[in-house]
Amino acid sequence: MPTQPLSDKSSNLLNRMLQRLMRRQGVAVDKIPDFAGWTNFVLAVDQTIKEFSANRELLEQSVQSTSLKLKQAYEDLKTESSLRLAQADLHQRELEHLVQERTAELQTAQLHLEQINQRLEYDATHDDLTGLANRNQLMRELNRYVAKLATDADLGLCFFFIDFDRFKQINDRFGHLMGDKVLIQVANRLSTLVGDTACFARLGGDEFVLLMGQLQEAEAIKLAQKMTAAFAQPIRIRDTEIPLSASVGIVLADASYQSADDVVRDADIAMYRAKATGNCYQLFDEEMRTEYLERLELERELEIAVREQQFCINFEPIVDTTKSGIFSMESLVRWIHPEKGMIAPGRFIPLAEELGLVIDIDRIVFEQTCQQFHQWRENGIASPHQKFNVNLACGQLERSDLIPFLLSTIDISDLSPHDIVLEITESYLLADSGLVMKNLNDMNKLGFRIFVDDFGTGYSSLSYLAKYPIHGIKIDQSFVKDLADSPESKELIRSMIAMADALNLQVVTEGVETLEQLHVITELGCCYIQGFLFTRPMTVLQAEAFLVDQPYRELGAIATE
């Protein structure tokens with residue numbers, strides 16, 4: 001088909017479009033190019049299109065490469081994130097497990113701590129031997145009760161203080177382990193009696209206390225009687241029977257009491273009164289408190305007396321009726337108080353034993369006696385064959401320094417052990433102590449004479465007479481007192497003298513006050529006599545006159561008629 005020529009309008013429009021296109025390609029167009037111009041233009045356009053296509057391929061490759069890298073980076077990041085999340089989850093579970101473990105440990109530790117606190121609280125308020133309440137718990141409860149007394153006039157309380165007589169001898173004889181077993185049985189026996197109480201406690205040693213609500217006097221005494229009766233039968237530990245006796249102090253407290261200490265003090269006072277009187281139980285009264293305060297004052301004064309040596313000695317002779325002479329002079333301690341004058345030995349010696357002062361007093365007496373006897377020897381008042389008797393105080397035989405003390409004292413006084421008779425009591429010999437045996441054997445080897453004082457009182461075992469180096473006995477005055485009216489006393493004395501003769505022991509009879517007693521004793525075979533028949537205890541000056549004047553010779557001659 002032949003080509004239709006363009007109209008002028010179309011031709012112009014086409015020209016303008018071509019010019020615009022060419023200008024976009026950077027070709028300056030002033031007029032419509034010719035064929036060569038169009039060819040160059042077309043070639044340029046074609047080159048541009050090719051460059052554009054190449055650039056587009058490069059761009060597409062770059063985009064594709066970048067996309068792959070981003071995709072890989074994303075995948076890597078996703079993988080790493082998943083790993084980190086897994087690690088975080090594992091760590092969290094580990095932390096949760098650790099927290100659970102620590103929580104369990106803390107709970108266990110808390111439980112253990114609570115158990116420890118409970119045990120500490122129990123130990124702080126209970127006696128570890130018997131399981132009873134201890135002093136801390138007792139004082140806590142007692143203070144609470146006393147506080148109530150101050151606010152409630154109708155309220156009262158009853159308090160018992162229980163102590164066992166001569167319990168120390170159980171420990172000394174059988175050992176502390178046996179003593180502990182006895183205390184456990186004591187607690188068990190008392191526990192069956194007291195029932196439901198405010199507090200039943202062991203204060204320490206053999207001291208027990210019982211705190212109860214208000215009781216009438218008759219009810220309190222009845223309960224105290226039950227306590228003492230509970231020990232009528234000995235305590236049995238395996239094959240060993242151990243007799244016990246209890247002393248009970250009772251306080252019926254009211255609003256006048258201001259503290260728990262006051263209640264315990266008064267019950268303790270009443271208990272010691274029961275122990276002293278042998279009544280088993282005692283109800284506290286105000287007079288006891290007065291005596292207790294006087295005792296405290298006496299304790300203080302006795303300590304001063306020992307420190308200042310406010311003691312002197314009296315003498316009482318032991319007469320040898322066969323020779324109408326003096327066998328020995330016994331020294332007796334006397335306390336001369338600077339304000340109160342003479343205080344009787346029966347009042348302060350038991351107190352000195354309780355306070356542990358008796359050994360100091362005993363040694364003061366021994367030193368004074370040695371000095372006095374030395375002077376009598378020097379002045380010719382005491383004959384060379386005369387001896388002197390000195391009491392060996394409780395506990396001396398269990399002192400390792402006893403022998404050195406005796407020897408150093410007699411050495412200063414220029415005396416010999418053969419001049420001295422040491423008097424001991426039976427109870428010292430029953431302790432069965434190795435040190436007691438050693439001291440007695442050493443004294444015997446050195447030449448001291450050893451006599452058993454107050455013989456026949458309180459103890460039935462005489463095996464110690466053969467076991468220990470004993471040289472003589474002193475028959476207690478209790479056997480002589482009723483001699484005229486008691487055939488039994490006469491036979492007992494006869495038996496003791498016969499036994500002493502069989503063991504080759506010397507015999508001294510104490511407490512002879514009448515000629516009739518003197519005749520009976522000498523007829524029974526005892527020639528060494530001591531008692532008020534000859535003289536009462538004498539001061540140093542009186543004893544010197546007695547030794548010089550010899551008034552005892554006439555009575556000695558009468559005894560041998």
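Visitor: Among contacts between residues at least 6 apart in sequence, what share joins residues at least 24 apart?
Guide: Keep in mind that this is a predicted model. Take the chain's contacts between residues at least 6 apart in sequence; the share of them joining residues at least 24 apart is 66%.

Visitor: In the salt bridge of Arg144 and Glu141, which side chain belongs to a buried residue?
Guide: The two side chains meet at 2.5 Å, N to O, and the residues sit three apart in helix α3, about one helical turn. Arg144 has a relative accessible area of 40%, so it's partly exposed. Buried means under 20%. At 14%, the buried one is Glu141.

Visitor: How many residues apart are Glu354 and Arg295?
Guide: Their side chains form a salt bridge at 2.2 Å, N to O. It links distant parts of the chain, helix α9 for Glu354 and helix α8 for Arg295, and the separation is 59 residues.

Visitor: Which helix holds both Lys438 and Asp442?
Guide: These side chains meet in a salt bridge at 2.9 Å, N to O. The residues are four apart, about one helical turn, in helix α13.

Methods
Residues are numbered from 1 along each chain as its sequence is written. This is a predicted model: local features need pLDDT of at least 70, side-chain atom pairs count only at pLDDT 80 or more; totals for chains, interfaces and linings use all residues. Side-chain values use heavy atoms; hydrogens and water are left out. Contact means heavy atoms within 4.5 Å. A salt bridge is a side-chain nitrogen of Lys or Arg within 4 Å of a carboxyl oxygen of Asp or Glu. Helices (H or I, at least four residues) and strands (E, at least two) are DSSP runs, numbered from the N terminus. Buried means under 20% relative accessible area, exposed over 50%, partly exposed in between (1.4 Å probe, protein chains only).
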